[in-house]
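Please find below a colleague's note on the model shown here.

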Amino acid sequence: MSVLLDVKNLTTQFNTEAGIVKAVNDVSFQLNEQEIIGLVGESGCGKSVSQLSVMQLISAPGKITNGEVNFEGRNLLDYESNSDEMRAIRGGKIAMIFQEPMTSLNPTLTIGRQLTEMLELHLNMTKEAARERAVELLKQVGISGAESRLDDYPHNFSGGMRQRVMIAIGLSCNPRILIADEPTTALDVTTQAQLLELMKDMVSKYNASLVIVTHNLGVVARYAHRIYIMYAGNIVESGTTEEIFANPQHPYTKGLLKCIPRLDEEKGRKLVPIEGLPPNLINMKSSCAFAPRCSERLERCLTEAAPPLRDIGNGHYVGCFEK
Amino acid sequence: MTDTITDTMKKTENKILSGESEAPPVVSEWRRFRRVFFQRKLVMFGLIVFVILIFTAVFAPLLAPHDPYRGDLANSLVPPNSDFLLGTDIQGRDTLSRLIYGTRTALLVGFVTVAIAATIGNVLGLMAGFFGKAVAMIIMRIMDTVMCFPFLIFALVLAAVLGGGIQNVIIALSISLIPGFARVMNGLTLSIKENDYILAERSMGASNFRIMFKHILPNAMPTMIVLITLQLGTLILAEAALSFLGIGIQPPGAAWGSMINDGYRFLLTNPILSFAPGLAIMIVVFAFNMIGDGLRDALDPRLRGLL
């Protein structure tokens, strides 16, 4: 498998009154062709910002201060955020689905209009061709009566159906990468499962790669090939899904796994929450951000700079000192 | 035993994962518009007045029983009778005919002015709200400066400087009205652009221009339509005021405002000279406001389901 998206040392910071917030701090990750990766972490750990940075959709006071986003032989950060090249990539090559299906569609335009808009924009389709394609897309994402529903407005759709429409819009121009930013967080569990299944099918149908951003390890367990665990703007552990679940190395990953129930465990195990709260990201020290909450903390964790990701074999990397 | 349970679980899972959903019945947008818009009596009243107004303006020469401009001093200040239904003014001109021709002035000034002011004001407000920073600073400070003066005073000064006549009245009123539109549009843009669907739109590669005019503007339309219809009323009043003060439509042109002015000297003897145009202004302004309300309710997609 060849590397499709190679993000290197990406740093995005927000300059606020109180100080500099490094929402994404020296983050590197790779996405292979036709691969599904999961980006997991708590709220405010920089998952979404890292993906928005890839798309250059960070608005003031946020700023991408360092890094490379290599995609199809180009570094996307070389382009201006509002340049024609970047606009062609957004939607055309890399598409994004957002968390809130209820507000992600323009309430004043019909579903059909919003679907065809991108086809006309990126693929220069005629109105008729775009409409035909839109019907096809709606059918593919499982909306019945697609033909007539094109003329409906978003409020005629339920949350799950809107997210289906978002998936259709996201994949309409045949992008190489689909970034799903907490795509199922606002939906109930049955709809969640439906949509994840749909996304997996659609992505493989279109030979695209998928990035699932989520705070829920359960969501990615079934679908992701590889998982990146993020904490306070850093990637603390990465590896194949099997490795992460079977052999978690970072205390944070272990903590995450300990606080969700599993079917294959012994009876009577208590769920253990991670103590404390994620740190405030303003003017962070360079030592390990998780150290204050860590149950396996060493003296050096608080004094020395956080260790870089260390290869422990099997494509498994962990950002923790060797014990 | 366990096999059957697993089997049932699998079946349910497959059913759920395939996402079988039923489409709700589709309601035609047009039907909803008609229902909401035509259902209310006041809106219907506004609409009827509006239609009559347009009809009157277009067919004024056919409807007017007399020449609205030709005076006849022998028939000066005649009280209402079978020939002059609303009597005549000091120069012996038929009040009804002048009232009928006055609709042309009122509608022309109202529509053209609101079109000019809304177009310029909305574009300025949209740009200020969307781009922010220096663009907003420059545009909105100019608008604020204009807004320092009361609407009518500013229009009055402009009209006085430009001189009378329908064209200059339109220019004066447009300029005075632009800041109002820009202000409202600026505020709307600031709030609309924070919506998730704007970010989603940007993530799909839409240009600034597309986002501004295809996504923000339609969402501002319900508010804008109400503002436009309300301003139509205000404009007809303002034109009347300018004409009343003698710097609007110049004689012998027929305008309701100047008719009130001409008539008010005879308020005690021939009250109808002022009352008739005054009543016309009142009814028209009221009608426009009602239409504005009805349009908003019928067009606003967010009110769907409620109305």
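**Interface and sheet**

1. In the contact (heavy atoms within 4.5 Å), 41 residues come from chain A and 29 residues from chain B. This is a predicted model, in which local features need pLDDT of at least 70 and side-chain atom pairs count only at pLDDT 80 or more, while totals for chains, interfaces and linings use all residues. Residues are numbered from 1 along each chain as written, chains are lettered from A in the order written, and side-chain values use heavy atoms without hydrogens or water.

2. The area buried between chain A and chain B (accessible area, 1.4 Å probe, lost on being put together and summed over both) is about 3,100 Å². Carbon and sulfur atoms give 56% of this area.

3. Between chain A and chain B the count is 1 salt bridge (side-chain nitrogen of Lys or Arg within 4 Å of a carboxyl oxygen of Asp or Glu). The side chains of B:R210 and A:E117 form a salt bridge at 2.8 Å, N to O. Among the elements giving two or more residues to the side of chain A that touches chain B are α3 (111–123) and α7 (189–205) of chain A; helices are DSSP runs of H or I, at least four residues, and strands runs of E, at least two. The largest contribution to that side, 5 residues, is from α3(A).

4. In chain A, 4 strands make an open antiparallel sheet in the order β2-β1-β4-β5, where pairing requires at least two DSSP bridges. The edge strands are β2 (19–32) and β5 (74–75) of chain A. Strand β1 (residues 3–16) of chain A pairs with β2(A) over 10 bridges, and A:N15 has A:I20 in β2(A) as its bridge partner.

Key. Buried area is the accessible area (1.4 Å probe) that two parts lose on being put together, summed over both.
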